[in-house]
Amino acid sequence: MTKTTSSNHNLDGVDDMSLTALESLPPSPADFAGKTSSIRTPQPRGNLTTAGNWLDTGPSKASLEAMAARRNLYDQRADQRPAESARHYHRLLRNYYSFLVPPGQRILELGCGLGDLVASLQPARAVGVDFSPASATLAQQRHPFIEMHVEDAAEFHTSEKFDYILMSDLVNDAPDVQKLFERARRHATSHSRLVLNFFNNLWRPVLSVAEKLGLKAPNPAQNWLSLDDVTNLLQLAGWEVVKSDARMLWPVKTPIIERFLNRWVAPLLKHFCLTIFVVARPKPKPEADNHFRCTVVIPARNEAGNIEDAVQRVPEMWRGTEIIFIEGGSKDNTWDEIQRVVKAYPNRDIKVMKQQSKGKGGAVREAFAQATGEILFILDADLTMPPEELPKFYEAARSGTADFVNGVRLVYPMEQQAMQFLNMIANKCFGLTFSWLLGQSIKDTLCGTKVLFRSQYELIAKNRAYFGDFDPFGDFDLLFGAAKLNARIIDLPIRYRARTYGETNISRWKHGWLLLRMTWFAARRLKFLA
């Protein structure tokens, strides 16, 4: 059986002048302490040439010969791999993968080399596949908890499914990238994520010169793919890109310069960065009869005139709709009106809560903690987003089109007085900034209507410590948390209406300044990474 390329080989020979000792590798996960795993070799799967699916056909004779030559090259260089893996380029890769991949996941790394990358991510379970027997043997010695397989990544078979599938510098070397992606799809669930990185074409002459000068180890002929090429191949293979980013302007450890360029300059000059990262998810395959129970959370402060309208206009959706009013210290009779409406509509499933925390964000968190629905909705009590449009959000979430559905007020014409001109300009600016921060198109960050599965929210809440309790509004907290977990965020346009009762609880200048501070805070946590 042929083997596919060993990952992280491509910069292994770059001379790192200031790094003379091996960097210490992260400790093995506690869950695997004392455990070992033998190296697995591929088992015969019968006559692959007669398979009905092209994925089940074996590699061509030319591919076999090419891959054998590659495997021999990497086997011969195996004894150099530990020192090469300790170079600064690989440390930077591990740092950024640790940002993209949460701890405690079931991880499959295809083309894992020595296994240092997957070992650094604190996996609940780790499986590595590499075509080089010598590299796999070293990987097993360094990280006994990794289950190693010696096999071509594009030919690897297992019935096991994984939360994350990694391909670090693998597409540069794979003979058939589409087949590699399609095979990887078989190891994924609908919630899995594929994370990969590959070289920027702009660096091709730089790396070529480095190789000729002896500053970079020789490599077999490489694939030089653009982001558009990779996106297209992922689409053909049944994947959908969630987000992409580019990192590393200076892959060599150099005091002051490296940190400054890679942390503060690289996010602003992504087209010049060395390596491109892509996060993808399997294309959704909605089931027509797959429906869910819903919870609509309505934070209410000084909204007495809108409470009954909200109950009348929120539709019953599929397996039932729970409405949770959470009242936040109103100066009018909002609390009494909620009590009256609950008695007036005994046929509706309505819960009532008194907010204990501060801000809309706190109200949403308290209500979500009491919600029983599988899909969670936030609806502002001012009803400027028509409740009749909630089924659109439900369908976008139910179908798998989005992991997180974000309402957008800036597409359709608005009623007069619905949004002041300066507010609209600010919202558009925030939208552009957030699109850059999150790596996904976000047109309107502050629309109050947001929808996600409870399971997704629970993951956001579990990982909230990364950002901390910084957002009194709740919008940024949810958007940042979803983006950090690689959720697919989709904008859903709505027709924004003018208020019919009361006044906004937002102070343009005071809260605007607070939003700017939160944006800078998020930039340091999402883009300008240490």
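Strand S5 gives the largest share of the lining of the second largest pocket, five residues. S5 runs over 188–199, and other elements that give two or more residues to this lining are strand S4 (162–168), strand S7 (275–282), helix H13 (390–398) and helix H15 (454–462). Helices (H or I, at least four residues) and strands (E, at least two) are DSSP runs, numbered from the N terminus. A pocket here is an open set of points on a 1 Å grid over the protein atoms alone, with protein on both sides within 12 Å along at least five of seven lines; lining residues have an atom within 4 Å of a point.

This is a predicted model, where local features need pLDDT of at least 70, side-chain atom pairs count only at pLDDT 80 or more, and totals for chains, interfaces and linings use all residues. Residues are numbered from 1 along each chain as its sequence is written, and side-chain values use heavy atoms, with hydrogens and water left out.

Back to the pocket: its space comes to about 870 Å³, and 37 residues line it, with Ser190, His191, Ser192, Asp403 and Gln456 nearest its centre. By class, that lining splits into 13 nonpolar, 13 polar and 11 charged residues.

The whole structure holds six cavities of 30 Å³ or more, a cavity being a set of points where a 1.4 Å probe fits but cannot get out. The largest cavity has about 140 Å³ of space. Of its 16 lining residues, Tyr96, Lys243, Asp245, Leu437 and Leu438 lie nearest the centre. S7 turns up here too, among the elements giving two or more residues, along with helix H3 (88–100) and helix H14 (421–438).

Terms used:
Grid points are joined across faces, edges and corners, and a volume is the space filled by probe spheres set on the points. Ala, Val, Leu, Ile, Met, Phe, Trp, Tyr, Cys and Pro count as nonpolar, Asp, Glu, Lys and Arg as charged, and the others, Gly among them, as polar.
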